[in-house]
Amino acid sequence: MKLSSFLLIILITFNFTNLNSEENNDKIKNKISKNIRCLICQGQSVYDSQSDFAVSIKLIIDKKLNEGLNENEIYDFLKKQYGEWISYDPEFNKKTFILWILPILLFVIGGAIILRKFIVQKL
Amino acid sequence: MLAHQIGYYSLILGFFFSILIIPVSIKNFSNKNKVINNKVFSISFFQFFFVLVSFSGLILSFVNSDFGNETVFNNSHTTKPLLYKISGTWGNHEGSLLLWLLVLTLFIFIFLIKSNSQPKKYRILTLLFQQVIIIGFFLFLLKTSNPFNYFFPVPKEGLGLNPILQDPALAIHPPILYLGYVGSSIIFSSSLAAVVEKHISNVWAKHIKFWIFVSWIFLTFGIMLGSIWAYYELGWGGFWFWDPVENVSLMPWFCLTALLHCILVLEKKSMLSSWTIILSIATFMLSMSGTFLVRSGILNSVHTFANDPERGIFILIFLFILILFSLVIFFVFHKENDQKIVKINWLSKEASILFNNWFLMYFLSVVLIGTVYPIFLEVLSSKKISVGPPFYYKLIIPFLIPFLFFMSIGPNLNWIKSEIKKIKIQIVLSFAVSLLISFVILNQIGFVGLINSILILVTFYLFFITIKDFFLKKFKNYSQIFSHFGFSLLILSILFNSILSSEKIINLKVGEEFSFREETIIFESIESIKNKNYKSIVGNFKIKDKQNNFLQLKPELRIYNQPVMITSEADIKTTLYYDKFLVMNLVKDYEYFNVRYQVKPFMIWIWISTVILVIGGFLSLFQRSYEK
């Protein structure tokens, strides 16, 4: 209870720091380019790479931001153009639900095994 | 040429000795003597000695630039500085495997000497199991990746080492990491031997703890070195990319960390014996499959430097045999020898270590599934997906919160059972302090999201609890206090580093300047410098702050001659509060440079805290016994 009321206080009393819009724009641009794979590189993100491909993707991100698209719309746009491989954040769909669910499932199973240790009295 | 030949023949001699150990130690195993025959020691020593000679032979071939040797030819060049000629020895597939072998043979020899107090049969069995691994590696080396292939005519010049690998941190990163990986092979063999000999007990736990901690120390330190290297050489200010090859080193780390806690329960309470064995086997399997995944070229990563399907298949088969072998031993020989199945109390040290293992296994499964799933998906449905940082953050960060909480409380509980009433006031007090501190800080820096806020709170909690333990606890376990403190500091620095980092990316010509926050960055001039194996273009930058203080930064572009490759070297000004990171890059066909300037708070604390974490592990080697 104490914790939740504390969190409430945090939420209410925050004074949001104001970033100027240019800096904000840069921030979002970098965030997007970190989540996009440079398709011609060896395991680098667009943000980390200076290849022609990465540079052109960065330009596209810039352009789309100026056109008023938000972050998710840009991911969608890039995925449509280059395929799902370009996004580092896999979607949740028919092909990937195992990827997302399996770790959680294992966590639950592990919890169940441990719970038994607490309950089993004698054999 | 001479060094090359000595190296080659020593390797074959070493192989001969490693086979010889088997009949000699089997004979020794069945006789009535209580001690191990000296012959076994000497053969094991010779095995190590000849691999050492062989390895030195390879190093000498590198130092002398003997390009008749294929490995040297592919990975070295006459103009390379001496340090990188030497480190080139393990900067490639063949050499790094020879290094694996060297450490394998060294460790089993040390094991034999150090395990005096243990039963003879158990020691010999450990040796035998270890020999299976060693012989496997010998065969692998000689058959598919011989570092001593010679060809004529001898070329005048080598192909050179990948410039991004020419770096001091990376020169020692692989050997250190391998010490950790290979240390886990001893844990593997020894736990199998202990299963067969019914020697799984608190005596065994006490003895094997040494190897667990040694492996853990090297593994942790090795991962850190790799990460430091990535920070200033590879990345644009990043230090962990969730790249498959990084993940591969993280997986055995999770497993080993779980084992390191679990072994304490076995030592104190003779419980969790099956689980300990499973973790021992799993740690080594993960180290091996790491080698497999990296070497086979299946992974798409910056680290992949050799891919050859034959090698991949060999390791895959070898791995498969080892897994099968260990499973058979486990199921045939292992009888649960926990005297009685006891109920574990919620509020006890055992319980909190179980929670620790539970969460670590979860983190392991996230990383494992995240790394392997895309490979399987591509093979099965030819659909390519990328699993990157967002995936890992989403699945790991929320779970860190309870993990850190248990980590704070756990060491303050008793074995068997603690009374709620007896939980000391300081524990509650530390929580109040952390609440206050997090509140003040969050008020200063602004809202960072709900999960991050709670994470900051629990990490501070761990931070203050460990400080409290350091000063107030009666039975001081410095190893645990240091490690947990280091870990809290690590999470705090990573958190604040990622929240407070700021950067500016801009295209700039010589003479231009730009302002960023309260600083002005001036691109004054460039100069070109010629070095032995590269040419460099150095940019002279001045950073002027509000008080008109100047800071000079000189990022560099290096054009290596062999192989021809351009790398950019960041210039970093490190202080206790922040790193200022400046890097420049060529933009094709233009006269301006792409310049990135970053201010990264608390960067150095990420390394300091990891060192504290490692020191904690190191202290445990000198601790007589674990508490009470």
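**Domains, sheet and cores of chains A and B**

Chain A is divided into domain 1 (17-89) and domain 2 (92-123), the bounds being taken from an automatic or database domain assignment. The model is predicted, and for that reason local features need pLDDT of at least 70 and side-chain atom pairs count only at pLDDT 80 or more, whereas totals for chains, interfaces and linings use all residues. Residues are numbered from 1 along each chain as its sequence is written, while chains are lettered from A and ligands numbered from 1 in the order in which they are written.

Taken over C-alpha atoms, the centres of domain 1 and domain 2 of chain A are separated by 36 Å. The secondary structure of chain A comes to five helices and zero strands; here helices (H or I, at least four residues) and strands (E, at least two) are DSSP runs, numbered from the N terminus. Of the 123 residues in chain A, 21% are buried. A residue is termed buried if 20 or more other C-beta atoms lie within 10 Å of its own, exposed if 12 or fewer do, and partly exposed in between, with C-beta atoms placed from the backbone. Among the contacts in chain A with a separation of 6 or more, 39% are between residues 24 or more positions apart; a contact requires that the C-beta atoms of two residues, placed from the backbone, lie within 7 Å.

Chain B is divided into domain 1 (1-163), domain 2 (167-410) and domain 3 (502-604). The centres of domain 2 and domain 3 of chain B, again over C-alpha atoms, stand 38 Å apart.

Helix 2 of chain B, residues 38-63, has 26 residues. From its first C-alpha to its last, helix 2 of chain B reaches 37 Å, close to the 38 Å expected at 1.5 Å a residue, where the expected span is 1.5 Å times one less than the number of residues. Just after this helix, B:Ser65 takes a positive phi of about 50°.

Most residues other than glycine have a negative phi, and most peptide bonds are trans. The loop between helix 9 (244-269) and helix 10 (273-296) of chain B holds B:Ser270, which has a positive phi of about 50° although it is not a glycine. B:Leu272 is found in the loop between helix 9 and helix 10 of chain B as well, and B:Leu272 has a positive phi of about 60°. B:Ser270 counts as partly exposed because it has 18 C-beta neighbours inside 10 Å, whereas B:Leu272, with 23 such neighbours inside 10 Å, counts as buried. In the loop between helix 6 (120-144) and helix 7 (168-196) of chain B lies B:Pro153, and the peptide bond from B:Phe152 to B:Pro153 is cis, with omega near -10°.

In soluble globular proteins, nonpolar side chains tend to be buried together. The largest nonpolar core of this model has 163 residues; such a core is a set of buried Ala, Val, Leu, Ile, Met, Phe, Trp, Tyr and Cys residues joined through C-beta atoms within 7 Å. Helix 8 of chain B, residues 202-234, gives the largest share of this core, 19 residues. Domain 1 and domain 2 of chain B each supply at least three residues to this core. Those with the most contacts inside the core include B:Leu101, B:Leu104 and B:Phe137. Not counting residues up to four places away in sequence, B:Phe137 touches B:Leu97, B:Trp100, B:Leu101 and B:Leu104. Apart from this core lies another, of 29 residues, among them A:Ile74, A:Tyr75, B:Phe593 and B:Tyr597.

Strands of a sheet pair through backbone hydrogen bonds, either parallel or antiparallel. In chain B, four strands form an open sheet in the order 1-10-9-8, with antiparallel pairing; two strands pair if DSSP finds at least two bridges between them. Strand 1 (502-508) and strand 8 (571-574) of chain B stand at the edges with a single partner strand each, so one side of each is left without a neighbour in the sheet. From one strand to the next, the twist averages 10°; axes are lines fitted to C-alpha atoms, for helices over the stretch in contact, and angles run from 0 to 180 degrees between N-to-C directions.

Strand 1 of chain B is joined to strand 10 (residues 593-601) of chain B by seven bridges, and the bridge partner of B:Ile505 in strand 10 is B:Arg596. Helix 17 (residues 603-620) of chain B lies across strand 8, strand 9 (578-586) and strand 10 of chain B, and runs at about 115° to strand 9. Elsewhere in chain B, strand 6 (residues 556-561) and strand 7 (residues 564-569) pair in the antiparallel sense over six bridges. These two strands of chain B form a hairpin with two residues between them, and B:Asn561 stands opposite B:Val564 in strand 7 of chain B.
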